[in-house]
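This report concerns a single protein model and its packing. The sequence and structure are shown first.

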Amino acid sequence: MNLSAATLRALPASIHTPAYDRTSHAPGVVHLGLGAFHRAHQAMVFDQLLAGGDTRWGIHGVGMTRPDLVNQLKAQDGLYAVRIADGLGVKWQVPGALWRTHVAATERDAVVQAIAAPSTRWVTLTVTEKGYTPALAQLLLDGLRLRQQAGLSGITIASCDNLQGNGHKLQALVKAAASPQDAEVLTWLDAHCAFPCSMVDRIVPAATPEVMAAAQEALGVQDQCALSTEGFWEWVIEDRLADPLDAALLQSAGVRVTGDVHSYEEAKLRMLNGSHSAMALMGAVTGRPFIASCIGEPHIRSFVHRLMSREVAPHLARSDWADYRDALIARFGNPYLKHSVHQIATDSSQKIPQRWPPSVLGQIAQGASFEHHALAAAVFLRYTLGVDEHGQAYALNDPQAESLMAIGAAQHTEPEACVHALLAREDLWGSTLPGNANWTTRVTHWHQQVLRHGVNAAIQQLLATQA
Ligand code: CS2
């Protein structure tokens with residue numbers, strides 16, 4: 001037996017399940033990018049609002065490319081279990097906000113119609129860094145054009161990806177996709193729609209067979225879509241919503257609605273995601289499979305602590321960074337989250353630009369040391385070899401995999417040329433950093449240490465300095 005609307009009532013009483021009606025109302029939210037993250041984060045916020053009696057927060061979930069997960073969710077009537085586990089305890093919850101599903105690649109028209117549906121009030125997006133393409137913009141624009149032509153209300157379109165200024169980025173992309181015939185749509189868009197920036201945070205690893213087995217044990221039925229996450233979650237969104245009344249509603253569910261998303265965004269991208277990428281690459285090269293196995297090593301833990309304290313925090317607007325850092329280190333160590341380093345290393349070429357260069361540039365501007373980031377960049381180059389320090393091969397899962405591997409291939413014989421080639425890439429480092437000779441020198445130094453003595457020894461060597 002599988003989890004579904006029919007088996008929901010038979011679940012053990014300890015499991016929190018939706019008690020509200022999931023079938024009589026049309027969804028109010030279209031979510032693009034129906035991965036693990038959305039289902040264990042925003043879908044649970046909307047579940048809370050639905051549980052409070054507001055029927056406008058059902059989700060029309062859209063998988064962007066692959067049909068497998070969408071099909072499984074469909075077979076389970078949009079239901080799935082989430083294990084929320086950390087030092088404070090373990091509990092299971094079945095959120096009920098996912099009411100409809102489609103796949104954008106094969107059912108594009110249904111997605112356009114969903115955006116244009118009278119009931120739709122929000123579009124939220126977690127399409128990953130590489131998802132911000134003209135095709136995405138065209139999809140949104142086609143739906144928005146239908147709304148404007150039908151005289152419908154404007155909507156809130158909230159990018160929730162790990163990009164600085166994500167709302168501005170999305171708005172610019174949509175506008176750039178407009179043709180000269182779209183002048184009226186653009187005027188309507190400016191007047192009635194909102195593209196707030198937002199920061200979302202919750203560690204939600206890709207589902208594993210282990211979590212599915214644990215779900216079966218807890219639920220007594222099979223759940224092909226079960227997820228595991230931590231208790232912590234945060235959603236900070238700019239107070240710029242198409243319906244201003246939504247602010248108070250979201251706040252009642254624990255969302256922070258504020259004029260200042262920027263300081264939360266930059267702290268999260270550089271502290272959490274920046275440390276994540278560094279640990280992921282270190283773990284991949286040293287053969288440590290999970291983030292928890294990395295942060296569990298005293299030298300990696302000290303590295304991450306120092307990276308955040310010395311090189312990231314000095315440039316943050318958020319003043320409570322020390323508490324934030326300590327909370328992050330505790331979250332990274334959550335033993336329930338089998339967060340694969342290779343999952344986080346995926347798309348590193350798209351992630352590094354937001355996560356590392358702003359801190360390095362901040363340090364340079366203050367004449368301060370950036371050794372931790374230089375070592376992380378050196379490990380990134382080592383990672384492009386596609387084989388760890390034990391000789392185990394792994395795949396680079398990255399839109400730039402081919403060009404990165406071409407750069408990294410000769411690093412044993414021509415290390416300096418490889419460092420130069422990697423650091424010359426403006427798509428990774430931006431336009432200023434590639435010209436910085438000191439940065440190149442320090443990455444070259446750490447790359448030499450990594451190749452000669454290994455990543456662990458290089459970290460130890462860095463920790464022995466005052467850098
Ligand atoms: C991670 C993020 O995979 C990654 O790149 O750094 O998914 C991270 O777990 C989330 O942003 C946490 O909120």
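## Basis of the model

The model is predicted, so that local features need pLDDT of at least 70 and side-chain atom pairs count only at pLDDT 80 or more, while totals for chains, interfaces and linings use all residues. Residues are numbered from 1 along each chain as its sequence is written, and side-chain values use heavy atoms, with hydrogens and water left out.

## Nonpolar cores

A nonpolar core is here a set of buried Ala, Val, Leu, Ile, Met, Phe, Trp, Tyr and Cys residues joined through side-chain atoms within 4.5 Å. Buried means under 20% relative accessible area, exposed over 50%, and partly exposed in between (1.4 Å probe, protein chains only).

The largest nonpolar core has 62 residues, of which Phe 303, Phe 332, Leu 375, Phe 380, Tyr 383, Trp 429 and Trp 439 touch the most other members. Helix H10 (residues 262-286) gives this core its largest share, 10 residues; helices (H or I, at least four residues) and strands (E, at least two) are DSSP runs numbered from the N terminus. Leaving aside residues up to four places away in sequence, Phe 380 touches Leu 281, Ser 348, Ile 352, Trp 356, Leu 404, Leu 422, Leu 428 and Trp 429 (contact: heavy atoms within 4.5 Å). Another core, of 38 residues, lies apart from the largest one and includes Tyr 20, Met 44, Leu 227 and Ala 247.

## The second largest pocket

A pocket is an open set of points on a 1 Å grid over the protein atoms alone, where a 1.4 Å probe fits, with protein on both sides within 12 Å along at least five of seven lines; lining residues have an atom within 4 Å of a point. The second largest pocket has a volume of about 200 Å³, a volume being the space filled by probe spheres set on the points.

Of its 13 lining residues, Met 44, Gln 48, Ile 84, Gln 93 and Trp 233 are the closest to the centre. Helix H2 (42-51) and strand S4 (89-93) each supply at least two lining residues, and H2 provides the largest share, 5 residues.

## Salt bridges

With a salt bridge taken as a side-chain nitrogen of Lys or Arg within 4 Å of a carboxyl oxygen of Asp or Glu, the count is 19. Arg 425 and Asp 427 form one of them, with the closest N and O atoms 2.7 Å apart; Arg 425 is buried at 14% relative accessible area, whereas Asp 427 is partly exposed at 41%. Arg 108, Asp 142, Arg 145 and Asp 182 are linked in a network of salt bridges.
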